[in-house]
Every structure is written in C-alpha cells, then in structure tokens.
Amino acid sequence: MSAEHQRLAVNATKKIPLEQWGPYLSERQWGTVREDYSPHGDAWHYFPYDHAHCRAYCWGEDGLAGISDFFQNLCFSVALWNGKDPVLKERLFGLGNTEGNHGEDVKELYYYLDNIPTHSYMEYLYKYPQQEFPYKKLLEENRKRSKQEPEYEILDTGVFDNNEYFDVLITYAKQNSKDIFIRIEIRNRHTKAADITVLPTLWFYNRRNYEGLEKKPLITSRDKTSVKATHSRLGSYYFYFQPAQECLFTENETNTQKVSGIPNKTPFVKDAFHDVIIGKENKEPFRQKKSGTKFSPVYHYKIDGGMTKTLYLRLSNKIMDNPFSGNPASLFASRKAEADAFYASVLPAGISDEMAAIQRQALAGLLWSKQYYHFDVEKWLTTSDGITPVNPGKLNGRNHDWKHLKNQDIIAMPDKWEYPWYAAWDLAFQSIAMALVDPVFAKHQLLLIMREWYMKPDGQIPAYEWNFGDVNPPVQAWAALQVYRIEKDKTGKGDVSFLKKVFSKLLINFTWWTNRKDGNGNNMFEGGFLGLDNIGVFNRSHQLSNDMQLEQADGTSWMGMYALNMMDMALEIAMKDEAFEDTATKFFEHFVLIAEALNEQGMWNEDDRFFYDTLSIAGSPMQLRIQSIVGITTLFAVSIIEKKALVKLADFKKRMTWFENYRIKNKKYWPNEEHSDGEQILLSLVPQKRVVYLLQRLLNEAEFLSPGGIRALSKHHEQNPYNVTISGIQYTIQYDPGDSTSDLFGGNSNWRGPVWIPINYIIIQSIRKFGKFYGDGLLVEFPVGSAKMRNLNEIADELTRRVISLFEKDAEGKRPLHGKYNWFYQQPGNENLLLFYEYFHGDTNHGLGASHQTGWTSLVAQLINELKSNSGMTPGVSSSAPVE
C-alpha cells in the first residue's frame, strides 16, 4: 500500500471518512441563494461581487486557493496585490448572471494541478496580471455583447499578451492531519522586474453573529513570526510565518458604511486590509492591534524578470520554537513522491504520459472541488442577516417548503466558482470519478444526499439550492452500481452493505417518482427539464395551460433505467440476502410495464425512427419531433442477466418465467431477448431493431456524432429548425452548438448542440453493454457513410477515443478544448495546463460554460481507465451489478 492508501485506510474507519483539513473553502460565496435575504429571491443583486470584500457571510467563506477545517471554523487563503488594482485579490472575480452575455462566468486563469484524497499534497496555480486587473473592461464588454456572440474572456483583454504576469503556485504538504506546511512560489513571467504584495490570510468564519457562538474566537499575536488562533469548538492552532514587513489584524465584520451607509463602530472591519495596503487608511492602529478574527503577515516583493520568490508558512496544533527547522522543501518533495506513488497505483499501467496527465489533473480538480456546504432552510427563512428583516416574500418564496433541509457537510461541488452548491445528478456522476481514488468517500457522498436532512419526507431528493424542488434525472441507483463495480474491481470485494443502504433509501424515492410524475398512471412519466435546461422547444418545467400535459420520452426512459437499476441492485443483494429477491421481481415487472408504455403508447415515430416527447392538448396527442438526447435516453436502460446466477434465485426465475409466458400468451409487449447459447438474457427498454435505428442517427456525423463525442441535439436541426404553434404562440428550436442563445434556466448552459461528457459516458456504457451481449452478431456502420461495419464494443471504444481527444494535443500541440486560446497554452510553462469545461462546442469542440467543471467532466479519467482495460463489464448476476 502506498502511504496515501494507508492514510485512506485510517479514514475509512471513521464515521465520516474525511480529513479535518482540506480544500473546503469555496471560491464564491457571494451571489448564492443561501446568502440571499431579499424579498424576491434576487441572489445576484442582493450579494454582488463588490460586497464580497466588505460584507461578512452568513453561511460560509470563500478565498483564493484556500483551505479550512471541515466545519470551516478557521480558514486560510492567499491575497495578492500588484500595486495597481483597486482591491486586493482575495478571491476569484467573475460576472453575475445578469452581467454576462451568457450568464455567470469566472474571468480568471487558475488551475488545479495536483491533489490526493487526504489532501496531504495539493498544488494550485493562479496567474495574476501585473497590469491592472481588467475588472471594468470584462464587465462592460460582456454587457455589450449579444447572446449570439461569444463571451469576452480575460485572455481577450490583452493583459497576458506579453507574459506580463505572475505565476503564483500555492502548495500544501501535511506533516500530519493537523500540521500543514504551505509554500507560496511567485514567479515573474515577464522580462522586467515587477512589484507584488502577498498577504497569507488566516481568519475565523463569523459564527458568533449568525449561529450564536457563545465565545468569540480570537487570533492573538505570540511573537514576530507566529500567532495563536483559539476557537471553543476547534481548539487552538498556531500559524507560523517567515519574517514579514508588517503584521495586520482586523475583524471579520461587515463594513456597514460601504454596504448600507451606516457608520462603522470600529475601523476594524472585513475589508480593512484593502484600505491599509491600497488606500490612505492610517496603518498605525492596525499595527498596534494584537488580536482579531482576521490576520495577515504582509510581504512586499520586487521580483526580477524570470525569477521566483518562495515563502513558507505553517499551520499546526502544536507549539514549536523552530517551525521551519531543517529543510521544509524536503517535506514537499516527500509528499509529492507519495502522490506520484499513489497515482502510479491508481492509474492504469502503460498509458502515455499525456493520458496520465489528463487523468491526474481531472482527479485533482475533483478533489479540489470538495467544499464545506452549510444551509439550514428553516433558519434562513425565519431570521435576518442583519441587513434585511425577515419578510413575507422570503417566507413564502424560494424553497419555503424545504424547511426540513439542514445541510452542514463537505460535498464535492460541480464547480467551486460557477456552481458552489451541490446538484443531485452532478453528485452522482462525480461519485463515479471519485471512486477511482477514494471509493469510501464516493459511497459516503451518494448516501449523504439520501439522508433525512437532505431527502424530503415524501422521498424527493433535493435538486440544487436555486430550487430544491426541481427534478433531476434519477441516476443515483445507476451511480451506486457503478461505484460498487469500480470498488469491487479494485479490491475484489463488493460492499453489499452499501447497496442495502442505498436500496432502502431509493425505495422511498422511486415511490415518490411513481406517485408524483406519472399523472395518468400509464407508466409514461413527466419530470420537467430533468437537468437538460433548454433541451425543449419550450420550458418543460412549466405547464403551458391546464388542458395540456407533457409526457416525456426521457422521463419515461430514466424511470425505465431506474427500475432496471433497482432490479440489478436487488439481485446483487439477494445473492447474500434472499429477502431482497421479491423486490427484484417487483422492479423487473415495473421495468416491463415502462418498456411497454414507451414503445406502444405514441412516443415512437416509425417514419423518423426516433422517440419523442408527446404533448396532449385537450386529450389529443402531438409528438414534439425534436431529435435530441431526449430520444437517445431510451438506450440507457439495458442489463444482462447471467442465467447461471438464476440457479441461486429460484423465486425470481420462477416469477420471471411466469410473467414472460403470461405476456406472450396474451400478446403483450415483452422486452427480453435471450442469447443464442441460452446463457444470457438481455433486458432492454428498446428492442434490437430500434436500437439499430437510433444508432444510425447517433453515429451519423451529419446528426449527433461530432469529433469530440455525441451532441445533445442533432445537427439536422441546423438547416431544419423545429417549429410548433401552441395556443397561437410559435416556438422554435434549432441546432445551437456553442453558448446558449436562450434565457432558459439562466442562459449559462446549453443543451441544443454541444457535447456533454456525462451523457456521453452513459451512452458509452450502454453501447458497451449491448456489445457484450451481441458480440459480432450485431454490426453497425461507424461512422454512418463510411462503409465500415463494427461491433458495438468497438464503437464504444471509438466514442471513448473521441471524448478523450477533447483534452489531447494534436500534431501541432493544440488541444481542442482550448480553442482560439491555444496560443497561450502553447507557451513554455503552459503546455500541460488543462481545463475541464462544463460542455464542449458541437462542431469545434472548444470548451464552454463553467471552466472548472471537474465534477462530472472528471469522468474522462474513468473513460481512460476503461479504454485501457477494455474489459467490458465484470461477470455477475447482471452486467451492472457483478456478483462475488
């Protein structure tokens, strides 16, 4: 076992498998729902970026490349000043939803270079301009641009054109869980000397004002190179630093003068360091102050061109006289070597350095995206933030019916700036990638969102804080089986206890779906937007009128997949506990009924050979003939049952046989297909003939197939927009491969043409499963028009290669994801920097949306693993649930 594996083994014995210290500090706390106390739910305007410097947060903290303990009592991050900016660089800058032409977007260059699950070694690179940071230019230019134009990014401003910037590399190395070394390396990338001020900042989250902490925490001076931080819950920590030009204390309290025009009672407010360093504030009171809740030593450097300045710090729960004795660099080298050893044991042997780098940075970003998330909805609704009184608008507004939700946990976020809040289906995908490096934490995350302080009493799983009541696709059962398989492949042992816990919770959630989203009781489901934002010709979450009902192909398909996953899970558990055999039968029969509804109740169009949503208007059904991922989700529900396993499951086999005979005798739909050798049974929502029809569209480069994977909307709609008139209003949708040109769901993501990796991941898994069953007995042309016939396993591999190619260098050293900014990423020192975007352009494949979505985009790491092994599914009761 590597040293990291040994540390993980210790964590696995804990009730919550977490390190006390980690990268749990958010990168954006402002503009979030939980900080919004306005009457009308206007989070972006209520707490804008300009307030983040001077206004204390209620529900968490944020910072640049920061860490905190797992209850975020004490925080550390780095602040910088280039001598020109109007504010200190304490946090990442970005535009709010109404400021960007495509919604909210971070406008910075930063990279998660390395991390391991216990965070014993972490690297974060930030690129800081030496010119004045273009805050105003970024805001004004993006406001001027239309939705048809691309976003104006920081690389468009010119501040990085001549390498006139600093590389600020922040590295953490733990001596042990409560003793952390910090190294800050500032390299001047320009040829000329430049000034920079560095403020390594330690502060306490302001729990005293908002949570009634009885005793105020305090940071107090010990000597010229250390302070003591004391907290009634955390205990005492000591912050050691190298000699500084000055040391500053203040309080993490709102500057009421700036926020609301009320004079401050004291100069010691949250943004005091800005005024002291940049403004004309009298420094003497701050130099004389020897305690507070926020502290920073200050270092003023002039760094020659091409040179590097290195600074060491240490945060420890131990008192010591010589905190930097010996050679601090040796600890960093040791932890780096341990990280190398860990990944050497985790990543597949024999892959190229390029593939290994893509995997490692994807997983590093996933680990960096762990965040402390705190939100008590009942308390939020019924209390004030000290600025806005409790008001009826809020009491009856957003999330008012989620009062049971009381979250205070470390959660892997989709993106710690753009999405600093969990989303139900994102978390499921993230857990699959997390299982590669920390399966114990991956299982913990999946179970966490099903716990009673998350899941509603009626069984609904919270979607995300903007509207907990929205509905995401029910992928938790599928993800649990994926995590189960990954761990079993690694350890040789399946965690059936984990499956039992998941199964018991999802029974409640499945019941909620059937009761709430099958309004006609005909096994044809609704669900609204189902995570696909603007995929519909209109907003699918809104009922257009009372006499209209939308029955959704994807809602029905997701539920077919859900039923099949629950059957697989029950069968796997039943191999150890026969009490679960009956429930396997229940979910099998439900799957058959859903398959019947999908195929025989008006969603299939024989002319188009595609599945569509159906809109009933006064009882008259109309297909919405949009060729999108909505119709492709019908491929997702597929499983293989090994007949030899049924020997141990006599009751299930008996019931399955009876049900088959009954339905065939009565000429009812039957979705099963038996292998010619009689050893396997295929369960698929879609019969083979229709699978082939769908693949002919999916694998056509004029339709769904792009160089980087499968598009969310067919390119067919580029020249053939879909139009429909409903109640006198015309609705239109067409192929839109880049940023969103609609305002649906904030306009910051687009499902009308781009490539989304999580959907590609499920497509690949499904095709591979079909390939395992059919082998060379089913060949399909790939790509369509090439005259090259391939089996489905080969096609799954080819689709995997296309997705991975988004991140690979081509013959010229360019990566598709960097698009027009490859000039910057081909410069010396930048060649190996990767970004993991939310989605990718449907034609050019450059990255779009959130730039650090190492939530679900980190699935590329698992795809590389699968391509290397190409082992298909592990044998078992079903291909998605292997048996020991």
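Two strands count as paired here if DSSP finds at least two bridges between them. Keep that in mind for this predicted model, where the secondary structure comes to 26 helices and 37 strands. The chain's radius of gyration is 28 Å, close to the 29 Å from the globule rule for 884 residues, so it's as compact as a globular protein of that length.

**The nine-stranded sheet**
- Nine strands make an open, antiparallel sheet, running in the order S6-S7-S8-S9-S17-S13-S12-S11-S15.
- At the edges sit S6 (109-115) and S15 (291-292), each of which pairs on one side only.
- Inside that order, S11 (residues 218-223) and S12 (residues 226-231) are antiparallel partners with five bridges; Thr-220 has Lys-228 of S12 as its bridge partner.

**Helices on the sheet**
- Helix H9 (residues 328-346) lies across S6, S7, S8, S9 and S17, at about 85° to S8.
- Helix H10 (residues 353-368) also packs on the sheet, where it touches S6, S7 and S8. The direction of H10 makes about 100° with that of S6.

**A hairpin further along**
- S30 (residues 722-726) and S31 (residues 729-733) run antiparallel, joined by five bridges, and Thr-725 stands opposite Gln-730 in S31.
- This hairpin has two residues between its strands, and Ser-727 takes a positive phi near 50°.

**Whole-chain numbers**
- The C-alpha trace spans about 90 × 65 × 55 Å along its principal axes.
- Buried residues make up 64% of the chain.
- Of the contacts with a separation of 6 or more, 72% are between residues 24 or more positions apart.

Key:
Residues numbered from 1 in each chain as written. Predicted model: local features only at pLDDT ≥ 70, side-chain atom pairs only at ≥ 80, totals over all residues. Heavy atoms only, no water. Helix = DSSP H or I, 4+ residues; strand = E, 2+ residues; numbered from the N terminus. Contact = heavy atoms within 4.5 Å. Axes fitted to C-alpha atoms, helices over the stretch in contact; angles between N-to-C directions. Rg over C-alpha atoms; globule rule 2.2 N^0.38 Å. Buried < 20%, exposed > 50% of the residue type's maximum accessible area, 1.4 Å probe, protein only.
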